[in-house]
Amino acid sequence: MKIFVTVNGGSLAGQTYELETGFLTVGRSETCSIRFDPMSERIASKQHAFIEAKADGFYVRDNQSTNGTLVNGQRIESVKLNSGDQIQFGTNGTTATVRIDSQQSQQNYRELEIQQFNQTAAQEPASFQSSMANFGLNSMAAVKPEPSKTGQYIGIAITIFVVIFLSIIVALLMFASVGIVPAVIAAVVAFVPAAIYILPLMWLDRYDPEPAWLLAAAFAWGALVAVVVSFIVNTIIGVVFAIGVSPEAGEFVGAVISAPVFEEGSKGIGLVILLIAFRRYFDDILDGIVFAGVIALGFATVENVLYYGRGLAGGGFEGLALLFVLRGIMSPFAHVSFTAMTGIGCGIARESHNKAVRFLMPIVGYFGAVALHAIWNGMAVIGGLQGFLLGYLVLEIPFFLIFVGFSLYIMRRQNKILNEMLAIDIARGLIPTEHAKVATSAFKSSGWVLGGLFNGKFKARSRYVRAIGKLGLSYWHIQRATAAHGQTGSFQQNPILRDEVLKWRDQV
């Protein structure tokens, strides 16, 4: 059975929208399926109404709109639609005519998957098992053999070996460069603040936080892989130019050309690996900023060990203190700001379904990172301490403020997406309105979750907020994939996330 909704007037006059399963959102918001002109058709609310497919037919539900929803002239909250009905979105607002085709059409596998998802989403499953039952998969689940974990164990073992091996190499490089005692002291001074530096990134990503093990892997990539590659390449290039041209040329080429190109390249490769191999966690621009920031912090932390160690060995604790002020207090997020350009490029690529955009944007972001890094290093190499301070005032501070503003904008954009995508579940009663207001607010959610430390509800609240965030974003992924005729794992994840919301809802 399929419904056809034909808009009779306004900016969408004559356009027909069809629905077989799931729901259509109607309003002025850019995420609506039927979107009225946001400037000229303001009688309709941003999220005005929903048209839902249920087991017994199609329903229109008003979403607490300012001017109401009318069916055949009568204001409604929720009503079943019949062929020939006329819906009006707001008194004196735009109207649409309904036609229902009762004939079933053949569906391919993907359409059947979408239908199964939406039939489950129209209910409130009490558990994942009931979701499986709704999919008719219980018998399959019962006989499905347990997958072998041999490959997983091998992968874990290889990862542990590589991490230990690279850690030993990095430690030896530090010991050889500055000595054992200075390297150990410098490591403490560099790594302790890093735990504080990472907190703003985790706060930015509070709606859909990445797993701790993946953030640790990103940090390790920056601290180990990127450091080893960059150290070896920069050293070789610096030595070649120092011998072949002059020591000054070696220093300039190593710092201004080689370091930006290869350091941002090695960090960028880690981002691309995350983008390709861990797509289920890498969802959007904000994730690109977070992953880039964590990789950059890993790199900067180990690099600081080298700088602090040299400062301690050459100037004692006064030299260490000076470098800590310059690098650990004045510019701890310099590498984060540079590598974030690559992260933003990867995030844009992740959100886009355009092949050219997906290929080009990480490259554009990388060149932006190299340019910023080269300017920063160049001012310090050419001008010394005065050049560093000048670069700090005219480049680092303004750009860092722009970066923070952009990050907050992206975070606010994600908040808007959540509010719009969760509107239907709020209307259904799955998520209480007061819970939605708290969960999608930056400061309210943080305070609410931390308040759980005093009443024993910290775990429930943190899991609940996370589940709500992931649920809202899963709707967004489904909407984007459907519009682009693509695939997304959110079709399978959405019922599980709804179960997760229900599981924690009554425990907060």
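Author: A definition to begin with: on a 1 Å grid over the protein atoms alone, a cavity is a set of points where a 1.4 Å probe fits but cannot get out, a pocket is an open set with protein on both sides within 12 Å along at least five of seven lines, and lining residues have an atom within 4 Å of a point. Helices are DSSP runs (H or I, at least four residues), numbered from the N terminus. The model is predicted: local features need pLDDT of at least 70, side-chain atom pairs count only at pLDDT 80 or more, and totals for chains, interfaces and linings use all residues. Residues are numbered from 1 along each chain as its sequence is written, and side-chain values use heavy atoms, without hydrogens and water.

Reader: How many cavities of 30 Å³ or more are there?

Author: The search of the whole structure gives 1. The largest cavity has a volume of about 60 Å³, a volume being the space filled by probe spheres set on the grid points, which are joined across faces, edges and corners.

Reader: Which element gives the largest share of its lining?

Author: α9, with 7 residues. α5 (180-197) also supplies at least two. Among the lining residues are Val-189, Tyr-197, Asn-304 and Phe-324.

Reader: What classes are they?

Author: The cavity lining has 9 nonpolar, 3 polar and no charged residues. Ala, Val, Leu, Ile, Met, Phe, Trp, Tyr, Cys and Pro count as nonpolar, Asp, Glu, Lys and Arg as charged, and the others, Gly among them, as polar.

Reader: OK, pockets. What volume does the largest have?

Author: About 1,100 Å³. The largest pocket is lined by 35 residues, with Ala-255, Glu-303, Tyr-307, Arg-310 and Arg-327 nearest its centre.

Reader: And where does the largest share of that lining come from?

Author: From α9, which gives 11 residues. Helices α7 (212-244), α8 (247-277), α10 (334-351) and α11 (355-421) are among those that supply at least two each. By class, the pocket lining has 20 nonpolar, 10 polar and 5 charged residues.

Reader: Switching to the surface. Which residues make the nonpolar patch?

Author: Tyr-153, Ile-156, Phe-175 and Val-192 are among them, and the patch covers about 1,100 Å². α4 (150-178) and α5 are the elements that give two or more residues, and α4 gives the most, with 7.

Reader: Is Ile-156 buried, exposed or partly exposed?

Author: Partly exposed, with a relative accessible area of 41%; buried means under 20%, exposed over 50%, and partly exposed in between (1.4 Å probe, protein chains only). Ile-156 lies in helix α4.

Methods
Patches are made of residues with over 30% relative accessible area and no salt bridge: like charges are joined within 9 Å, nonpolar side chains (Val, Leu, Ile, Met, Phe, Trp, Tyr) within 5 Å. Accessible areas come from the Shrake-Rupley method with a 1.4 Å probe; for residues, only the protein chains shown count as cover. A salt bridge is a side-chain nitrogen of Lys or Arg within 4 Å of a carboxyl oxygen of Asp or Glu.
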